[in-house]
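Please walk through the model below with the sequence alongside.

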Amino acid sequence: QVQLVESGGGLVQAGGSLTLSCAAAGRTFVGYTMGWFRQAPGKEREFVAAISWTGVVTYYSDSVKGRFTISSDTAKNAVYLQMNTLKSEDTAVYYCAAGPVSSWAKTPNYWGQGTQVTVSS
């Protein structure tokens, strides 16, 4: 059974930082692109960031570029999201996702349960 387990969410003041982690288990993720989406209350889910298996290629949404950094540890099948200079509009449930890069054009194959990030102003 494939599992993506997120951790690291919580409450932080605006301007603060938080690091999310996602550990993958249940199958090999070699070659998969991993990353993050988020969904704020009353809004559609949106792409945040992704990283290729090799870690060489990264993708960011314009709303987080320059503030968030995605990284991975292939030995641990893990992906991380370092979030700096957080804003109230970053408040959302953050979901880890994984799948072949081709799947990211629509929706990645695998999803975590989500972790809440709340930024207070």
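Phe 37 has its place in strand 4; strands (E, at least two residues) and helices (H or I, at least four) are DSSP runs numbered from the N terminus. This is a predicted model, in which local features need pLDDT of at least 70 and side-chain atom pairs count only at pLDDT 80 or more, while totals for chains, interfaces and linings use all residues. Residues are numbered from 1 along each chain as its sequence is written, and side-chain values use heavy atoms, with hydrogens and water left out.

Is Phe 37 buried or exposed? Phe 37 counts as buried because its relative accessibility is 10%. Buried means under 20% relative accessible area, exposed means over 50%, and partly exposed lies in between (1.4 Å probe, protein chains only). Leaving aside neighbours within four places in sequence, Phe 37 is in contact (heavy atoms within 4.5 Å) with residues including Phe 47, Val 48, Tyr 94, Trp 104 and Trp 111. Phe 37 and Cys 96 are 59 residues apart in sequence, yet their C-alpha atoms are 6.5 Å apart in space.

The next topic is the core. In soluble globular proteins, nonpolar side chains tend to be buried together. A nonpolar core here is a set of buried Ala, Val, Leu, Ile, Met, Phe, Trp, Tyr and Cys residues joined through side-chain atoms within 4.5 Å. The largest one has 27 residues, and those with the most contacts inside it are Trp 36, Leu 81, Met 83 and Tyr 94. At least two residues of this core come from each of strand 3 (18-25), strand 4 (33-39), strand 5 (46-51), strand 7 (68-73), strand 8 (78-83), strand 9 (92-99) and strand 11 (115-120). Beyond four places in sequence, Leu 81 is in contact with Trp 36 and Tyr 94, and also with Leu 18, Leu 20, Val 48, Phe 68 and Ile 70, among others.

Strand 11 also holds Thr 115, which counts as buried because its relative accessibility is 11%. What does the side chain of Thr 115 reach? The side chain reaches the backbone nitrogen of Gly 9 at 3.3 Å.

Charged pairs come next. Side chains of opposite charge can pair when their charged atoms come close. A salt bridge is a side-chain nitrogen of Lys or Arg within 4 Å of a carboxyl oxygen of Asp or Glu, and by this rule the count comes to four. Asp 90 and Arg 38 form one of them, at 2.9 Å from N to O. Asp 90 lies in the loop between strand 8 and strand 9 and Arg 38 in strand 4, so this pair ties together parts that are 52 residues apart in sequence. Both Asp 90 and Arg 38 are buried.

Asp 90 also meets Arg 67 in a salt bridge, at 2.8 Å from N to O. Arg 67 lies in the loop between strand 6 and strand 7, so its pairing with Asp 90 ties together parts that are 23 residues apart in sequence. Asp 90 has a relative accessible area of 0%, and Arg 67 is buried at 10% relative accessibility. Arg 38, Glu 46, Arg 67 and Asp 90 are linked in a network of salt bridges. Another salt bridge joins the side chains of Asp 62 and Lys 65 at 3.3 Å, N to O, and here both residues are exposed.

Two loop residues have backbone angles to check. Most residues other than glycine have a negative phi, and most peptide bonds are trans. Asn 77, in the loop between strand 7 and strand 8, has a positive phi near 50°. Thr 85, in the loop between strand 8 and strand 9, also has a positive phi near 50°. Asn 77 counts as buried at 15% relative accessibility, whereas Thr 85 counts as partly exposed at 46%.

The loop between strand 9 and strand 10 (110-111) contains Asn 109, which is partly exposed with a relative accessible area of 42%. Apart from residues up to four places away in sequence, Asn 109 touches Tyr 32, Ala 98, Gly 99, Pro 100 and Ser 103.

Key:
A polar contact is a pair of N or O atoms within 3.5 Å; within protein, one must be able to donate a hydrogen and the other to accept it, and residues adjacent in sequence count only if both atoms are side-chain atoms.
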